[in-house]
Amino acid sequence: MDRDCELDKLCEHDPVGELWPLMARLGTPLQVLDMQGRMLECNGPARALLGLENDDAWRGRCPCPPGSDGAVHLPDLLRECAQGLRDEFIQEEDLPRADGVPLALRRCGAVVRDGQGRPVCVVASLEDRSAVRRAEVRLRHAALHDDLTGLPNRTLFMERLQSAHRLARRHDDYDFSVLFLDFDRFKLVNDSLGHRAGDEFLKTAAGRIRSCLRDVDTLARFGGDEFTVLLPDAWELREVKGVIDRIREALSEPVNLGGREFFGSVSIGVVLGAGRYHRAEDIMRDAETAMYRSKAVGKAGYALFDDGMHRHALRLLECETELRRALARSELLLHYQPIVNLETSTVDGVEALVRWQHPTRGLLPPGEFVPLAEEAGLILDIDRWVLGEACRQLRAWQETGAPGRASVSVNLSPRFFMRPGAARDFEAIVRASGAPAGRLKVEITESLLLDPSSEVEQAIATVRAMGVSLVMDDFGTGYSSLSNLHRFPFDTIKIDRSFIARMVDSPAHGGTVRAIIGLGRTFGMDVVAEGVETPGQADALRALGCDRVQGWLYARAVDAASAGAMLGRRLAPESGRRRSGGAPLAVGA
């Protein structure tokens with residue numbers, strides 16, 4: 001049947017044929033299809049859209065050529081129209097134009113029926129959705145990729161991880177592994193060279209890591225300087241370790257950042273054979289846990305996750321929750337260990353040591369909860385409480401007639417002094433307590449002074465201006481002892497217990513103790529030895545001219561009332577002897 005006969009047939013049964021000359025002049029792309037989906041008419045805009053301007057043989061063709069995504073769907077829609085199940089439809093398909101250019105097409109069709117209600121054709125308007133589709137693709141890419149590195153982001157990584165997890169759960173012969181990478185000392189780049197240099201480092205490092213992986217592997221920037229790797233079909237340690245070794249080797253070369261070289265390293269957490277998990281989220285939790293274990297044991301390495309890490313993490317979480325409650329319920333308390341003047345054997349000071357009166361576990365030493373408090377960000381709250389409580393006790397002892405020279409030493413974490421406003425916070429707590437600042441001593445470790453910030457220097461200056469004494473704790477175990485003695489106005493140095501424990505039997509340790517005491521004399525500082533456990537240690541320290549000692553040979557840490565009763569009084573050695581049959585406890589234990 002030729003075109004004129006076909007149109008005549010349409011005109012006999014329906015006005016479409018009569019209206020076609022008008023439709024042909026419309027600017028909207030319009031198309032007429034028979035009920036089998038063959039093109040009967042296309043106006044000029046429709047032919048231009050479909051790339052048919054120079055094609056005279058388009059009539060009678062199916063508008064969905066082989067390879068188009070909508071080829072399966074249009075016949076189904078027309079069949080439903082012929083069966084009276086629908087009168088109109090909207091269909092979208094991706095198809096190549098006649099000239100091969102990809103086209104995203106939307107077709108809005110309406111059925112035309114004859115006088116007896118029988119469907120004779122479909123009139124459809126066409127819309128080019130290619131620009132919209134490209135915009136959607138760009139938006140999806142942006143939503144699923146990191147702007148800086150172009151890598152998949154957390155969302156896309158989790159999508160692929162969940163797909164791999166589903167596959168592993170369905171097939172016993174398939175499994176996969178996950179790596180969690182965190183750069184060591186990356187903050188140093190941002191702090192010293194700026195965030196632009198940090199961004200450049202991350203882009204370079206990401207490219208190096210990507211070069212170590214297979215095409216099927218997924219490398220994602222999980223956030224900040226954290227990256228994750230999905231290794232499909234890889235679950236043996238030998239294979240995964242090979243990937244890790246390649247990554248570490250690729251990152252061993254320095255990165256040039258504005259003329260400065262930076263050597264980057266990563267700590268890596270590994271979950272092998274992750275298909276055994278019930279949830280993809282748990283895989284990432286355990287990979288991150290293993291990464292932190294790697295950092296804890298020395299950085300620049302890797303750690304395989306095991307169930308013991310998870311149990312440890314649960315214990316830490318439980319303890320952290322309890323510790324937060326302890327702060328709210330006033331379960332913390334201070335004990336005080338006497339500091340004895342070796343020349344007079346009198347107690348002329350005490351060191352405040354925090355304890356936790358746990359409701360079920362009893363009295364806990366600081367070693368069981370202070371590291372956790374630092375991890376959980378609670379250490380500043382504990383520092384403030386310790387400082388305030390020690391100052392209140394010092395004032396109470398003063399009001400009850402304690403000797404005028406008796407002092408209280410307080411340990412504060414490095415974080416207390418490293419934050420903005422530390423000096424103001426310290427001064428406010430001490431002044432609010434009404435304690436005499438001249439009888440307060442603050443003990444700090446050398447780690448605070450390795451690269452002191454302006455906040456640290458201001459806090460130290462405020463401490464000294466108030467008349468508070470400054471004590472360098474654990475002297476001899478740091479990295480820059482001599483320079484710090486020159487730079488900061490310390491009043492006292494404390495010899496670390498590790499030297500005292502072996503000073504009698506080890507000439508090397510004995511010589512170190514002698515040298516430290518000599519430095520104290522040279523700089524006009526008092527010297528205190530901690531961890532004194534035997535009469536032999538006390539005699540040797542006295543012979544070397546050490547000023548003061550503390551340790552279990554004299555007294556353990558006791559409650560405030562007992563400590564107050566000792567102030568200014570003679571304390572004979574061996575009064576605080578170690579427990580019979582047991583090893584001596586460390587000071588503060």
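Residues are numbered from 1 along each chain as its sequence is written, and side-chain values use heavy atoms, with hydrogens and water left out. Because the model is predicted, local features need pLDDT of at least 70 and side-chain atom pairs count only at pLDDT 80 or more, while totals for chains, interfaces and linings use all residues.

The confidence of the model comes first. The pLDDT (the predictor's confidence in each residue, from 0 to 100) averages 86 over the protein. A score of at least 70 is reached by 91% of the residues. Residues 6-15 have a pLDDT below 50. Beyond near neighbours in sequence, this stretch has 16 contacts in the model, a contact being heavy atoms within 4.5 Å. The pLDDT is also below 50 over residues 576-589. That stretch has 31 contacts beyond near neighbours in sequence.

An open sheet is built from five strands in the order 2-1-5-4-3. Helices (H or I, at least four residues) and strands (E, at least two) are DSSP runs, numbered from the N terminus. Two strands pair if DSSP finds at least two bridges between them. In this sheet the pairing is antiparallel. Strand 2 (39-42) and strand 3 (88-96) stand at the edges. Each has a single partner strand, so one side of each is left without a neighbour in the sheet. From one strand to the next, the twist averages 25°. Axes are lines fitted to C-alpha atoms, for helices over the stretch in contact, and angles run from 0 to 180 degrees between N-to-C directions.

Within the sheet, four bridges join strand 1 (residues 30-33) to strand 5 (residues 119-128) in the antiparallel sense. Val32 has Val123 of strand 5 as its bridge partner. Two helices pack on this sheet. Helix 4 (residues 73-82) touches strand 1, strand 3, strand 4 (102-113) and strand 5. Its direction makes about 160° with that of strand 3. Helix 5 (residues 130-144) touches strand 3, strand 4 and strand 5. The direction of helix 5 makes about 130° with that of strand 4.

Helix 6 (residues 154-170) contains His165. This histidine counts as buried, at 8% relative accessibility. Buried means under 20% relative accessible area, exposed over 50%, and partly exposed in between (1.4 Å probe, protein chains only). Leaving aside residues up to four places away in sequence, His165 touches several residues, among them Phe176, Tyr277, His278 and Arg279.

Helix 7 (residues 186-193) has a buried side. Phe186, Val189 and Asn190 are buried there. They cover an arc of only 90° around the axis, which puts them on the same side of helix 7. The arc is that of the directions from the helix axis to the C-beta atoms. Lys187 and Asp191 are exposed on the face turned away from the buried side. The cover over the buried residues includes strand 6 (176-183), helix 8 (195-210), strand 9 (255-257) and strand 10 (260-262). Gly194 follows helix 7 and has a positive phi, near 100°.

Aromatic rings were also searched. The whole structure holds 10 aromatic pairs. Rings of Phe, Tyr and Trp (its six-membered ring) pair if their centres lie within 6.5 Å; planes under 30 degrees apart count as stacked, over 60 as edge-to-face and the rest as tilted. The ring centres of Phe201 and Phe262 are 5.3 Å apart and the planes stand at 90°, so this pair is edge-to-face. Phe201 lies in helix 8 and Phe262 in strand 10, 61 residues apart, so the pair links distant parts of the chain. Both Phe201 and Phe262 are buried. One aromatic cluster is formed by Phe183, Phe186, Phe201, Phe227 and Phe262.

Further along, strand 17 (residues 440-445) is mostly covered, with five of its six residues buried. Strand 17 pairs with strand 16 (residues 407-411) in the parallel sense, over four bridges. Ser409 stands opposite Lys441 of strand 17. Strand 17 also runs parallel to strand 18, joined by five bridges. Here Thr445 stands opposite Asp473 of strand 18.

Two aspartates have a positive phi. For Asp474, in strand 18 (residues 469-475), phi is near 55°. Asp474 is partly exposed, with a relative accessible area of 23%. Asp233 has a phi of about 55°. Asp233 sits in the loop between strand 8 (226-232) and helix 9 (237-251). Its relative accessible area is 42%, so Asp233 is partly exposed.
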